[in-house]
Amino acid sequence: MTQRIGIFGGTFDPVHDGHIASAKMLVAKLSLDTLYFMPCQQHPFHKHPGASPAQRSQMLSLAVADEENLQVDDRELRRDGISYTVDSLQAIRSEFGDDAIIVFILGTDAFASLHQWDRWQSLLSFANVAVIERAGQIAAAQIVEPALKTLLAQSVATINAPHGELVQLALAPYVISSTELRSALASVYQVNNQIDKAQTNMINEFIPAAVVQYINAQQLYQPNQ
Ligand code: ATP
């Protein structure tokens with residue numbers, strides 16, 4: 001049987017239910033055998049993560065511990081410096097072989113700047129691309145970059161090739177981001193250490209319990225960090 005592999009890249013600082021729920025829906029919709037979260041070492045656009053690479057990877061591992069089809073691929077964390085997706089996908093292709101159906105997954109917000117990624121046109125030589133509509137973010141229809149519009153116009157309904165195809169998917173929306181959660185986590189510690197109930201609810205609603213425990217134990221995302 002041909003293997004069907006999903007690769008979901010991002011910072012995951014921290015991982016949240018928007019990532020996990022989307023990943024589970026993607027496993028079903030794309031008939032994936034395994035979806036790998038692939039945290040990046042250093043964002044190519046110099047975004048500075050709050051947790052260390054090892055901590056982000058550990059949080060992902062805790063979040064997927066009970067999920068049969070979800071795993072973590074930390075190859076970019078084992079590489080020094082900037083991580084380029086195209087290099088990772090090339091390595092993944094050679095590991096899984098020519099016949100495997102590999103799908104690189106990203107939200108519309110990330111897709112909107114794909115044309116600025118290093119050797120972005122080569123991504124499709126190694127993998128397919130799935131663009132997922134992300135609630136509260138730019139819609140695929142709003143993307144104006146001509147090269148990306150051309151790519152979107154060639155979307156297929158179902159991915160069947162090992163690489164080279166693009167599919168657009170609408171998943172049940174999860175209106176949450178790591179940015180909002182980092183700010184909620186920071187505010188919980190503020191105001192004379194008084195617990196802010198609304199922010200605490202948001203954290204518990206959108207971050208897996210084992211990850212919340214880890215964040216507390218490691219004292220991550222405190223305002224002075
Ligand atoms: P930040 O707020 O720090 O930018 P984020 O919540 O966007 O973080 P990332 O790690 O940057 O999370 O996202 C990794 C991938 O997951 C991206 O392709 C992004 O579009 C997608 N993604 C993030 N949050 C959601 C969500 N709520 N629903 C669907 N996709 C999401």
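I started with Gln55, which counts as buried because its relative accessible area is 16%; buried means under 20%, exposed over 50% and partly exposed in between, with a 1.4 Å probe and protein chains only. A note to myself: this is a predicted model, where local features need pLDDT of at least 70, side-chain atom pairs count only at pLDDT 80 or more, and totals for chains, interfaces and linings use all residues. Residues are numbered from 1 along each chain as its sequence is written, and side-chain values use heavy atoms, with hydrogens and water left out.

Next I looked up where Gln55 sits: helix H2, residues 53–64. Helices (H or I, at least four residues) and strands (E, at least two) are DSSP runs, numbered from the N terminus.

Which residues does Gln55 touch, leaving aside those up to four places away in sequence? I found Tyr214, Gln218 and Leu220, with contact meaning heavy atoms within 4.5 Å.

Then I turned to the rings and found six aromatic pairs. Rings of Phe, Tyr and Trp (its six-membered ring) pair if their centres lie within 6.5 Å; planes under 30 degrees apart are stacked, over 60 edge-to-face, and the rest tilted. Phe8 and Phe12 are edge-to-face, because their centres are 6.0 Å apart and their planes stand at 85°. Both Phe8 and Phe12 are buried.

I also checked Tyr36 and Phe96, a tilted pair with 6.3 Å centre to centre and 55° between the planes. Tyr36 is in strand E2 (residues 34–39) and Phe96 in helix H3 (residues 85–96), so this pair ties together parts 60 residues apart in sequence. Tyr36 is buried at 15% relative accessibility, while Phe96 is partly exposed at 24%.
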